[in-house]
Amino acid sequence: MALSLVNLDKIKHMKLQHLLLGCFIGLAFTACETVAQQPTGAPFEQSDLPYAFNALEPHIDAQTMEIHYTRHHKAYINNLNKALREAGDTLTPLLDIMARVSTYSTAVRNNGGGHYNHDLFWSVLSPDASEPSEELLTAINEQLGGMDEMKSALSKAGATRFGSGWAWLIVNAEGKLAITSTPNQDNPLMDVAEDRGTPIFGIDVWEHAYYLKYQNKRGDYLDAIWNVVNWEEVSRRYAEAMGADS
Ligand code: MN
């Protein structure tokens, strides 16, 4: 039986449905092994929001959070799964898709980015006050001129992004912090991005992220968001991007 040949350590990290798909529809053992090594492909699922919809009030209102999470983010996931299913690709991990997104359809680019970006966005916000790690703070001071300069540059990147998109704090290939922005649901992990790197913080500047409360005043939303940054998570992502144990 093919299943018994698959490394058990790998199996325990997999979802049953992947095993069933990979091993019981007549694929050879080599295909099962491929499945076992890539357990994080479609169908992608939405993680729980780590706080209540109203937790970020008054800076981000509950109705915006609820619609944003349950409608917008959910739609990106559903559409991503549909596009990958239609393309016959349900095995490739999301980060691998981002890294060569130019070889995929526009639907995968838009909805794959939409899923990754929102997953990151929820995680880097929090109602609980926190501080950047010493390592991150030092890097911000040395490479971006300090916290105030960094915030102002990131807010400017968000304010000047024409139309819809994201503003990002990234770690680039040289291991340095940088600020950039991307259109639509693109992100700096994508092979199509102008400035590539690992995002450690991102701000959604689509109107759906702020319009109910702030209407046309994107700048006010960008000022307010600094009150709800989860610096602990941003610091964890910085350490991970720098290759440190976290
Ligand atoms: Mn959004």
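The model is predicted. Strand β1 covers residues 165-171 and pairs with β2 through seven bridges, and six bridges join β1 to β3. Helix α9 covers residues 147-159, and β1, β2 and β3 are among the elements that cover its buried residues.

**Strand β1**

- Seven of the seven residues of β1 are buried, so the strand is largely enclosed by the rest of the structure.
- In a regular strand, side chains alternate between the two faces of the sheet.
- On one side of β1 the buried residues are Gly165, Ala167, Leu169 and Val171.

- The strands β1 and β2 run antiparallel and form a hairpin with five residues between them.
- Gly175, in the turn of this hairpin, has a positive phi of about 80°.
- Ala167 is placed opposite Ser181 of β2, while Leu169 has Ile179 as its bridge partner in that strand.
- Strand β2 spans residues 177-183, and because five of its seven residues are buried, it is largely enclosed by the rest of the structure.
- The pairing of β1 with β3 is also antiparallel, and here Val171 faces Thr198.

**Helix α9**

- Helix α9 has 13 residues, which at 1.5 Å a residue should span 18 Å; the C-alpha atoms at its ends are 18 Å apart, in agreement with that value.
- Its buried residues are Met150, Leu154, Ser155, Ala157 and Gly158.
- Viewed down the axis of α9, these buried residues fall within an arc of 155°, so they line one face of the helix.
- The cover over them includes α8 (134-144), β1, β2, β3 (198-204) and α11 (218-224).

**Core and contacts**

- The largest nonpolar core has 46 residues.
- The residues with the most contacts inside this core are Leu80, Leu154, Ala167, Leu169, Ile200 and Ile203.
- Leaving aside residues up to four places away in sequence, Ala167 touches Leu154, Ala157, Gly158, Arg161, Ser181, Gly202, Ile203 and Val205.
- Among these contacts of Ala167, Leu154, Ala157 and Gly158 are buried residues of α9, and Ser181 is the residue opposite Ala167 in β2.

Terms used
Residues are numbered from 1 along each chain as its sequence is written. This is a predicted model: local features need pLDDT of at least 70, side-chain atom pairs count only at pLDDT 80 or more; totals for chains, interfaces and linings use all residues. A residue is buried if 20 or more other C-beta atoms lie within 10 Å of its own, exposed if 12 or fewer, and partly exposed in between; C-beta atoms are placed from the backbone. Helices (H or I, at least four residues) and strands (E, at least two) are DSSP runs, numbered from the N terminus. Two strands pair if DSSP finds at least two bridges between them. The expected span of a helix is 1.5 Å times one less than its number of residues. The arc is that of the directions from the helix axis to the C-beta atoms. Two residues are in contact if their C-beta atoms, placed from the backbone, lie within 7 Å. A nonpolar core is a set of buried Ala, Val, Leu, Ile, Met, Phe, Trp, Tyr and Cys residues joined through C-beta atoms within 7 Å.
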